[in-house]
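Here is a short note to read beside the model. Keep the structure open and check each point as you go.

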Amino acid sequence: MNPIVEKEFALDERVYDLLLRGIKLGLKDFYDQKEKKAWPFIEYPTSKITFPWIRIVCINNAIDSLTKESPDLEITSEIKRIAGYEYILLTLEKENIKITISSVDKAGDLPEASEYRADLAAGNDRFNPQETLFEVIYDELLPKSLVVTYNGKKGPIPDFIRIGATTSEQNTWIYEMDLSTRTTKTTIEKKKDTSTKSNQDTQKSPIKLQVNVQRKEKDEVVPLTIKENAVAKKDIDEEIK
């Protein structure tokens with residue numbers, strides 16, 4: 001890997017930890033509700049469209065909550081919607097980096113091409129070795145863009161979690177690395193802290209999601225409450241390590 005490119009896209013270890021924990025917590029919430037046959041799994045027991053969408057909502061919600069709990073990281077979290085599709089956009093203010101999340105089938109797969117990701121990745125082209133062979137002037141003020149890929153289709157423990165940067169054409173990786181086996185300082189510190197916390201400190205109030213479900217006659221926004229399990233959070237922190 002080009003050390004210059006690697007340095008340009010490197011993040012604070014605490015950000016890697018946040019992304020890992022957010023994806024695993026979101027998947028844990030999703031599969032817990034599915035196993036309990038909670039709404040909307042009763043209403044749509046065999047849906048191949050609704051389930052992936054709810055899984056995305058759970059992950060987006062978990063990551064969004066973690067960013068709000070970590071103001072020192074200076075990450076802005078936004079839930080965006082395009083043509084009924086929901087995605088989370090993280091902005092790292094200091095680094096001028098945008099981050100999105102994408103489910104893919106295999107490690108190393110590129111995320112499905114989209115117009116919004118093409119726009120976000122425009123700032124990455126100045127680090128593409130193929131492009132830099134030509135005399136092209138790039139806007140240095142354009143933010144860089146990273147995408148986190150994972151496969152959580154088989155259960156609460158994802159097959160992999162990776163992070164990388166694509167070209168604006170989204171046909172190749174400029175930079176990519178595995179996060180699945182990463183051990184972060186934040187995880188170690190949190191594990192030490194949990195031994196001194198009381199049960200009251202670890203209890204969380206339920207997360208409330210707004211889920212748009214297609215009805216026969218109209219779209220209806222229905223509240224979906226997902227309870228966080230403090231013990232599950234601790235287990236997931238240990239799995240990340």
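Predicted model: local features only at pLDDT ≥ 70, side-chain atom pairs only at ≥ 80, totals over all residues.

How many bridges join S3 to S4, and do they run parallel or antiparallel?

1. Strands S3 and S4 run parallel, and seven bridges join them.

2. Tyr 150 finds its bridge partner, Ile 161, in S5.

3. Is S4 mostly covered or mostly open? Strand S4 covers residues 144–150, and seven of its seven residues are buried. Go through the two faces in turn. Lys 144, Leu 146, Val 148 and Tyr 150 are buried on one side. Ser 145, Val 147 and Thr 149 are buried on the other.

4. Now turn to helix H2, residues 13–35. Its 23 residues reach 33 Å from first C-alpha to last, close to the 33 Å expected. H2 is mostly covered, with 17 of its 23 residues buried.

5. Check both ends of H2. At the start, a side-chain oxygen of Asp 12 comes within 2.8 Å of the backbone nitrogen of Arg 14. Lys 37 follows the helix, and its phi is positive, near 55°.

6. Last, the second largest pocket. Its volume is about 400 Å³. The lining has 22 residues, and Ile 56, Tyr 85, Ser 102, Ser 103 and Glu 112 lie nearest the centre. Helix H3 gives the most, with five residues. By class, the lining holds 12 nonpolar, four polar and six charged residues.

Key:
Residues numbered from 1 in each chain as written. Heavy atoms only, no water. 1 Å grid on protein atoms, 1.4 Å probe; cavity = no way out; pocket = protein on both sides within 12 Å on 5 of 7 lines; lining within 4 Å. Points joined across faces, edges and corners; volume = space filled by probe spheres on them. Helix = DSSP H or I, 4+ residues; strand = E, 2+ residues; numbered from the N terminus. Nonpolar A, V, L, I, M, F, W, Y, C, P; charged D, E, K, R; others polar. Expected span 1.5 Å × (residues − 1). Buried < 20%, exposed > 50% of the residue type's maximum accessible area, 1.4 Å probe, protein only. Polar contact = N/O pair within 3.5 Å; in protein donor to acceptor, adjacent residues only side chain to side chain. Pairing = 2+ DSSP bridges.
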